[in-house]
Amino acid sequence: MRIKIAAKNFHAESFETIGILTYEVKPEKISLDMLPEKIRGLCRCHLVNTDFRAKRGTSAVIPVLEGKTRFVVVAGLGVKKDSSLDDVRAGSFRAVRAAAKNGCKTVAIFVEGAKEREISRAAAEGAALAPYRFDKYIKRDDDDKFAAPEKVVFAAADEKGLEEGRILGEAQNFTRDIANEPANVINPQTLAAKALALADELGLECEIWNEERINNENMGAYYAVARGSANPPRFIRVTYAPKGRAKGHAVLVGKGLTFDSGGLDIKPADYMTTMKGDKSGACAVLGAVKAAAELALPWKVTALIAAAENMPDGNSYRPDDILRARNGKTIEVNNTDAEGRLTLADALCFASELKPDFIVDIATLTGACAVALGPNTAGLFTNDDKLGTKIESAAKVSGERVWRMPMNDSNLRKSLKSPFADVVNCGERYGGAITAAMFLEEFVGKDIAWAHIDMAAVDFVKTPYSCYVKGASGYGARMLVSLIMGL
Ligand code: BES
Ligand code: MN
Ligand code: ZN
């Protein structure tokens, strides 16, 4: 799909769908000047008769016939003073999605304030996200006209912003395309193949370690988690380096459990479905490094994934096992379903050895976090307040919600103590998202700025909203890139 700026003298009636993004006003006041004169009356009539006020999240889809134009979509952004970039993103999404559903190939969009780079970026993101469907495994109905438009043009927009938005939106689509794949398709090996293919396409550095190498590299916690699966683990590193001197080095670590059955502490059936999504953090860091490269950001960006499958088997790791992580710390296993933090422990040790400017890990880590914050907001934990604030700003720009969580509860920290090892992998039940973050902190090098994003349940959209449709959310990729773009 091409996303570009409309030429100065362009004719709206040569587009099959015309989208108008507008702030909340009375239906008589909505500006329709950009429409071909002949259909203005009809559209006004529709808006007035349906009392359409452009409230946030609403849209009017008006069938018309003038030139090539078949639909006018008026998308509401809500009251201007309370509206955010996400309203623009979602408005653009609704206009392009209406076009896609009706099989329209060309779309022209009018957004107030499009000259601003951030507005253009958000609008282009919405457009790039709109035609997304994960439908490769279903037979289409004959009357299903859904198709991605070929061309979306924005009137009077900012060119850089549009290009950034397209890249970021496509990175999120890339992320959810992998995340949506079931575990019989994506296992550690096929995930590594996806990373390699991405690196090949963009000329990035990529290194993959197999199970033997992982063991030889003293990643004893990660290696243990992977042992029960017929699908061997792969440690994946993809690096983007800018031309010339980098402004800094960001390491992004994604949890990559291609399936989490719980292991010997097996999950009940109701909790095991959606666990193909336990690789969503990994997909997000791949999406982020893809966008960083396409945007030619001035930062070096490394994506690290300790990919594994957590399965019960005669060869599985067990409760009570004592493991040794790469930094030498020993871990007593008291629950094999707290596996993500074990894989991340070794990945964070490795990340720390790279001596980056900062590390961010993103993981579907704890049900406790999902209970605390719900399915649309991730938990943010950090040892560096400045990094935390920068992530919060990046999240505002990307429209992906995060909420700061505490890590200063010294009492809770005691629940990670073991009489037999340096730590246990699972602390007390209450505050489970916090103790998980505290556990991870044990494996981050001293003095390295680090943040942990717990995106449990945020990986999977049950109730569509904003630019999200059912299925994998693709959460995180845009936010991570926004963070680096802002530095
Ligand atoms: N992958 C799960 C966490 C999860 C839960 C993600 C719900 C998405 C939705 C993680 O590996 C896990 O099983 N966590 C346990 C930890 C517990 C054993 C301490 C949990 O949250 O129940
Ligand atoms: Mn688990
Ligand atoms: Zn898990």
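The largest pocket is lined by 48 residues, and Lys267, Tyr271, Thr366, Gly367 and Ala368 lie nearest its centre. A pocket here is an open set of points on a 1 Å grid over the protein atoms alone, where a 1.4 Å probe fits, with protein on both sides within 12 Å along at least five of seven lines; lining residues have an atom within 4 Å of a point. Among the elements that give two or more residues to this lining are strand S9 (249-260), helix H8 (269-272) and helix H11 (367-373). H11 gives the most, with five residues. Helices (H or I, at least four residues) and strands (E, at least two) are DSSP runs, numbered from the N terminus.

This is a predicted model, in which local features need pLDDT of at least 70, side-chain atom pairs count only at pLDDT 80 or more, and totals for chains, interfaces and linings use all residues. Residues are numbered from 1 along each chain as its sequence is written, ligands are numbered from 1 in the order in which they are written, and side-chain values use heavy atoms, without hydrogens and water.

The second largest pocket is lined by 20 residues, including Ser84 and Asp86. Its largest share, five residues, comes from H2.

At the metal site, Asp260 (OD), Asp337 (O and OD) and Glu339 (OE) coordinate the manganese ion (ligand 2) at 2.0 to 2.2 Å. Donors are N, O and S atoms within 2.8 Å of the metal (3.2 Å for Na, K and Ca). Asp260 also bridges to the zinc ion (ligand 3), 3.2 Å from the manganese ion (ligand 2).
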